[in-house]
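The structure is shown first.

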Amino acid sequence: MRIFSGIQPTGRKHLGNYIGAIRQYVAGQRRAQEAGDLAIYSIVDLHATTVSYDPAELRERCLDTTALLLAAGLDPELCILFRQGDVPEHTELTWLLCSVTAHGDLNRMHQFKEKSDSQRELVSAGLFLYPVLQAADVLAYRADEVPVGEDQRQHVELMRDIAERFNARFGDGQQILTVPAHRIPEVGARIMDLQHPERKMSTTGGSDEGTVYVLDEPEAIRKKLSRAVTDSGTEIVRSLEKPGVTNLIDILAASRDVEPAQVEEEMAQARGYGDLKAAVADAVVEMLEPVQARYAELRGDEAALEDVLAAGAERAREIAGPTVADVRAVMGVGPPPAR
Ligand code: TYM
């Protein structure tokens, strides 16, 4: 069982990224190892170039994200951690996969619609092709499982279609590319903005007061949670009519690693939403404090971070290279493969 996931180096990582994705990465490295396989994680700098960005800042954000992932518990002895732009196989495979990607499917991607609406200067062709690069990321490693939050469901479905179409068109009865499956957590797959609980927590589309960053000071975390928008009434239960309370219950359950029903039961005696917010703040601070401390230790040593990424890229290329060679061979691209 091989695991692959990617994370953008843009902006500051928030509680949604942490609960929905980063924690699954950390759990995945052991699961993959126990199954005799690998977990592979990439900081996707090439994806970050599809919207307007600053080149010097991109490099900084890659190192921030590397330090954050290590601080959260990724261990380069247990997994492969690398920067996407260090492995040229991703871009080559993207082009090759374009031949089996339907233009109409790309047009239907929610994230393309959302992100293209928010671009003021240029809607780049890269933004349109973004999901093909994401498919190449996963398919290059023949990964079985892709841990992601709910917002990536459609992208994973597309990469499944691309792999199936590729095998049908070029495989000659063989499964050249593995068809991956998403792994979306049951609780915490869609953490909502604390101020606008009908919108997902997000660095680009959310509100600053409604977004808890992994590196926020404990005081800031407590303040944001104490001001979280709740709903009318006093009952602490999950329901569609109570998106704010439901979100807080989910955050508390995920932070403590328990079922939401257990939180509802415990909170039945609470005096009101104030108690719930205080409990969530305590749990989130407790979960993030060790990560913040480790991050502070690691972020300063940029040479060490670059070393981790370079070693990861080398191992990544050993896997991605042969996949791309197989893809070229069956597509009839380049010189005939050596016999
Ligand atoms: P990115 O960097 O936006 O987000 C990283 C991960 O965080 C999850 N996430 C959330 N989970 C719960 N609640 C939220 N509010 C929330 N917001 C974000 C995302 O689902 C994601 O898992 N396109 C991807 C990066 C990517 C990738 C890949 C992922 C590139 N190649 C290959 C998987 C496989 C992205 O922009 O994630």
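The C-alpha centres of domain 1 and domain 2 lie 30 Å apart. In domain 1, L15, A71 and V187 lose the most area to domain 2, together 44% of what that side buries. Buried area here is the accessible area (1.4 Å probe) that two parts lose on being put together, summed over both. The model is predicted: local features need pLDDT of at least 70, side-chain atom pairs count only at pLDDT 80 or more, and totals for chains, interfaces and linings use all residues. Residues are numbered from 1 along each chain as its sequence is written, and side-chain values use heavy atoms, with hydrogens and water left out.

**The two domains and their interface**

Domain 1 covers 3–189 + 302–331 and domain 2 covers 218–297; such bounds come from an automatic or database domain assignment. Between the two, about 1,000 Å² is buried, and carbon and sulfur atoms give 73% of this area. Eleven residues of domain 1 are in contact with 13 residues of domain 2, contact meaning heavy atoms within 4.5 Å.

Across this interface the rule finds zero salt bridges. A salt bridge is a side-chain nitrogen of Lys or Arg within 4 Å of a carboxyl oxygen of Asp or Glu. Two residue pairs between the domains are in polar contact, both at pLDDT 80 or more. A polar contact is a pair of N or O atoms within 3.5 Å; within protein, one must be able to donate a hydrogen and the other to accept it, and residues adjacent in sequence count only if both atoms are side-chain atoms.

On the side of domain 1 that touches domain 2, the elements giving two or more residues are α1 (15–34) and α3 (55–72). The largest share, six residues, comes from α3. Helices (H or I, at least four residues) are DSSP runs, numbered from the N terminus.

G20 lies in helix α1 and counts as buried at 2% relative accessibility. Buried means under 20% relative accessible area, exposed over 50%, and partly exposed in between (1.4 Å probe, protein chains only). Not counting residues up to four places away in sequence, G20 touches L15, V148, G149, P185 and G188. Between G20 and P147 there are 127 residues in sequence but 8.5 Å in space, C-alpha to C-alpha.

Q292, in helix α12 (residues 273–299), is also buried, with a relative accessible area of 15%. Leaving aside neighbours within four places in sequence, Q292 is in contact with V214, L215, D216, P218 and I221.

**Salt bridges**

The whole structure has 24 salt bridges.

| Pair | Closest N to O |
|---|---|
| D250 and R238 | 2.7 Å |

E60 lies in helix α3 and R299 in helix α12, so this pair ties together parts that are 239 residues apart in sequence. E60 is partly exposed at 33% relative accessibility, whereas R299 is buried at 13%. D64 and R61 both lie in helix α3, three residues apart, about one turn of the helix. E57, E60, R61, D64, R299 and E302 are linked in a network of salt bridges.

D250 lies in helix α10 (residues 243–256) and R238 in the loop between α9 (218–226) and α10, so their pair ties together parts that are twelve residues apart in sequence. D250 is buried at 12% relative accessibility, and R238 is partly exposed at 36%.
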